[in-house]
Amino acid sequence: MLPVTTPGAEIVFEGTCNFRELGGYRAANGRHVRRGLLYRGCSLDTLQSPADRTKLESLHLREILDLRSAGEAARQPDAAVSGAHYQRICGMRYADGSEMDFSPAGIQRIAAEKAAYEAKAGHPVHDFYWFTDLYKQMPFGNPAYHELFRLLEEHRVPLLFHCTCGKDRTGIAAMLVLLALGVSREDAIADYMLTNVYRKAIIDKFMQDKPADQYDLLLPVEGVSESMGAGSIDVLLEKYPSYEAYFEAEYGLTTARLAALRDFYLE
């Protein structure tokens, strides 16, 4: 476990894992991301103990952005947090704009979409490669991420963004926020990969009866893959000459607006 002063250190709760903040990372012009403003996590329904409730309330959250589908949120609704405005905007969508629902009710649609992807490819495709492609689409035209950056510009902090496990929709969102603040690609990916540290027990239990030669392909079921995470942000530089050009085109963060964002969130 990382020391609490280390960037990316877990905020330990009794009922969940992989809850942390983005503060402390070295960013643009030698500055660092301010602490106590930006949090990333997973669904809040498991935070039921008095100690967990007290710790969550102590963050003084102003905004909670839930990146889950309606089905996921209905099945595991977030507990209300005093003083925090809650909204839900799904962070993964199909080509037609509808939500990708990872609840049991959405599995049939996911299977159908996977079958259509394989039909187009002309051969069976492992879920790993399908999701690798899906993750490369997430940074573009994503209403959840657009709302996240709106909240950032309006200084609606302290802010928590989360999904079900806090690893994929949340992990890519966190990398985008860090890159916007001038954190290096390497540190942004390192933050993404910390999921495998904090979910190690869950990953190990899932993997214990799986073939060893399938480890890398199955890891993203309960953890994260470096190649998938890196691919989701490296694709930005395939479309734009720089991350800054992407943020201007996608979120309207002109040079002046990006500088203002960094001035607020860095110290």
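## Glu222 and its surroundings

Leaving aside neighbours within four places in sequence, Glu222 is in contact (heavy atoms within 4.5 Å) with Lys167, Arg199, Ile202, Ile203 and Phe206. Glu222 lies in the loop between helix 10 (215-218) and helix 11 (226-234); helices (H or I, at least four residues) and strands (E, at least two) are DSSP runs, numbered from the N terminus. From Cys165, Glu222 is 57 residues away in sequence, and the two are 8.3 Å apart in space, C-alpha to C-alpha.

## Basis of the model

The model is predicted: local features need pLDDT of at least 70 and side-chain atom pairs count only at pLDDT 80 or more, while totals for chains, interfaces and linings use all residues. Residues are numbered from 1 along each chain as its sequence is written, and side-chain values use heavy atoms, with hydrogens and water left out.

## The nonpolar cores

A nonpolar core is a set of buried Ala, Val, Leu, Ile, Met, Phe, Trp, Tyr and Cys residues joined through side-chain atoms within 4.5 Å; buried means under 20% relative accessible area, exposed over 50%, and partly exposed in between (1.4 Å probe, protein chains only). The largest such core has 61 residues, and those with the most contacts inside it are Leu38, Tyr135, Tyr145, Phe149, Phe161, Leu176 and Phe247. Among the elements that each supply at least two residues of this core are helix 4 (127-137), helix 5 (143-153) and strand 5 (159-162). Helix 6 gives the most, with 9 residues.

Leu38 is in contact with Glu21, Leu22, Leu152, Val157, Leu159, Val177, Leu181 and Tyr265, apart from neighbours within four places in sequence. A second, separate core of 13 residues includes Ile11, Leu47, Ala84 and Leu160.

## Asp191 in helix 7

Asp191 belongs to helix 7 (residues 185-193) and counts as buried because its relative accessibility is 0%. Its side chain makes a polar contact of 2.8 Å with the side chain of Arg40; such a contact is a pair of N or O atoms within 3.5 Å, where, within protein, one must be able to donate a hydrogen and the other to accept it, and residues adjacent in sequence count only if both atoms are side-chain atoms. Not counting residues up to four places away in sequence, Asp191 also touches Gly8, Arg20, Leu22, Tyr25, Ala174 and Leu178, among others.

## Helix 3 and its end

The 15 residues of helix 3 (residues 107-121) should span 21 Å at 1.5 Å a residue, and its end C-alpha atoms are 21 Å apart, which agrees. The expected span is 1.5 Å times one less than the number of residues. Just after helix 3, Gly122 takes a positive phi of about 85 degrees.
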